[in-house]
Amino acid sequence: MRRLLNVRPNSGLRILLGVLPLVAVALVYLMASQARHAENPRDKLLPTPGAMAEAVQLMSRVDPLTGDRPLVVDTAASLKRIGVALGIATGTALVLGIGLGLLPVLRAPLGPLVAAIAVIPPIAVLPILFIVFGLGETAKIALIVIGITPVMVRDMAGQVAAIPEEQLVKAQTLGSSTWQLAVRVALPQAMPRLIDSLRLSLCPAWVYLISAEAIAADVGLGYRIFLVRRYLSMDIILPYVVWISLLAVAMDVSLRLISRRAYPWAHPVRSR
Amino acid sequence: MTLLTFRDVWVEYGDKVVLEKVDLSICEGSFVSIVGPSGAGKSTFLRLALGQEGPTRGAIDLDGRRLAAEPGPDRGVVFQKYSVFPHLSARDNVVFGLDCEGSWFRGRLSGARRREALAQADMMLAAVGLGDSGDVYPAQMSGGMQQRLAIAQALIKKPRILLLDEPFGALDPGVRLDMHELITGLWREHGLTIMMVTHDIKEAFKLGTRVLAFDKRRRDPQAPHRYGSTAVYDFPLDKPGAAGPEALAGLGS
């Protein structure tokens with residue numbers, strides 16, 4: 001009898017096994033929804049697929065009051081907020097992380113500060129952000145940035161500090177200055193990890209985005225689901241949640257592809 | 001001619017004495033092997049020459065000038081591992097030294113100067129037997145190939161002295177013999193000055209023109225850390241030296 005850890009499904013079977021749980025979840029939902037609708041045709045808790053499709057159509061049609069398509073403007077607003085925030089966080093993590101990881105004179109004063117900021121729960125500073133930046137876009141973007149940047153900076157600094165001393169010495173014996181060492185040795189070796197770190201930060205970033213939108217916004221995916229919650233509109237909330245997940249997955253997959261394309265040396269072919 | 005001089009050099013960490021009273025001079029064109037038991041300060045001695053750390057007392061001169069207390073392009077180095085950059089292909093690893101010299105901001109040459117540098121790198125790669133492996137990344141190379149690459153990478157800067165820290169320690173015996181041949185050939189051909197730390201006494205005598213043995217001269221049973229190591233034996237071997245410094249001028253051109 002082979003050990004369990006040595007049993008490896010082939011690629012076709014693996015895809016099938018991956019799809020199976022998703023299909024099972026969908027089936028369970030359909031059955032539960034049907035059961036509830038059999039009892040009460042006006043049930044709102046578990047809407048039927050047809051009702052959800054109708055709701056999606058309604059949301060993507062032009063709203064005569066505002067002249068916009070709610071789904072489109074919500075998506076655009078949310079993506080803009082999260083995109084700008086991820087950009088700022090990544091840039092900061094790159095510059096600060098390489099600086100902290102490479103230069104002891106920078107690590108001495110800034111290391112404890114970053115560590116201290118990292119333990120502050122970001123949602124707790126949200127009121128401060130609203131007071132300082134007002135209720136506009138800046139506060140929402142700032143919340144995401146404050147939420148994910150410290151972790152990314154520390155991760156990046158750790159990664160750069162873990163570059164073997166031998167490599168740093170070797171670069172210096174090849175005539176490399178501190179700047180050249182940062183640009184040609186530390187930066188490229190840190191990039192794959194930065195992308196990984198960004199992928200891991202996507203989930204908290206969405207959490208902060210939706211929290212900020214839920215509290216104070218007039219457009220956005222998070223704003224919309226918290227708005228329609230008042231009318232118990234599960235037929236809108238559920239497709240929105242699926243849409244948010246799809247956006248998050250798409251971002252994750254494209255980041256992974258970028259990393260594989262740009263840094264092939266960091267992705268050795270593995271047997272398992 | 002004397003290249004590197006250690007004058008009454010001491011290295012102390014707190015109250016622990018690692019090296020004491022090291023008085024040595026290394027001649028140009030010599031191949032100095034350094035042996036000794038673990039913890040006898042061999043690697044510390046090499047790090048001094050490298051500038052990775054400075055002496056607590058005493059002075060080290062290179063070419064008659066006080067050695068800067070940080071690594072520089074006049075001293076090349078090959079470590080036992082992690083000597084090459086994993087994110088660069090073999091050719092880019094070798095060009096790295098020329099890139100840094102020619103482009104302070106980007107750290108990367110471009111255009112005709114880069115093509116020229118690449119041609120030089122390819123010759124260097126061929127000289128260490130990696131002529132066909134220019135596009136290969138270090139992770140795809142065997143241990144012996146990685147060490148060949150590390151040597152090529154160091155030599156392209158034409159260092160005054162090449163420092164080897166147990167360079168062949170992690171290699172198979174057969175590969176190690178090939179590497180002995182390679183390093184002896186390069187040393188002769190290019191008139192290098194080499195200092196090599198090794199655990200293998202046979203290797204030390206086979207390759208070196210001079211063997212230094214580091215150990216403690218005195219021992220205090222109550223406080224063994226209070227006495228440091230020094231070169232207790234210094235065997236000059238009667239071997240023909242390297243070709244001379246003029247051969248270095250033709251390196252890689």
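**Exercise 1.** What is the mean pLDDT of chain B, and what share of its residues reach 70 or more?

*Solution.* Start with the ground rules: this is a predicted model, where local features need pLDDT of at least 70, side-chain atom pairs count only at pLDDT 80 or more, and totals for chains, interfaces and linings use all residues. Residues are numbered from 1 along each chain as its sequence is written, chains are lettered from A and ligands numbered from 1 in the order in which they are written, and side-chain values use heavy atoms, leaving out hydrogens and water.

Now pLDDT, the predictor's confidence in each residue, from 0 to 100: chain B averages 86, with 94% of its residues at 70 or more. Next, look at residues 242–253 of chain B: pLDDT is below 50 there, yet the stretch has 25 contacts (heavy atoms within 4.5 Å) beyond near neighbours in sequence.

**Exercise 2.** Work out how chain B is built and why it counts as compact.

*Solution.* First, tally the elements: seven helices and 10 strands, taken as DSSP runs (H or I, at least four residues, for helices; E, at least two, for strands) numbered from the N terminus. Then check the radius of gyration, taken over C-alpha atoms. For chain B that radius is 19 Å, close to the 18 Å from the globule rule (2.2 Å times the number of residues to the power 0.38) for 253 residues, so chain B is as compact as a globular protein of that length. Finally, the C-alpha trace of chain B spans about 65 × 40 × 35 Å along its principal axes.
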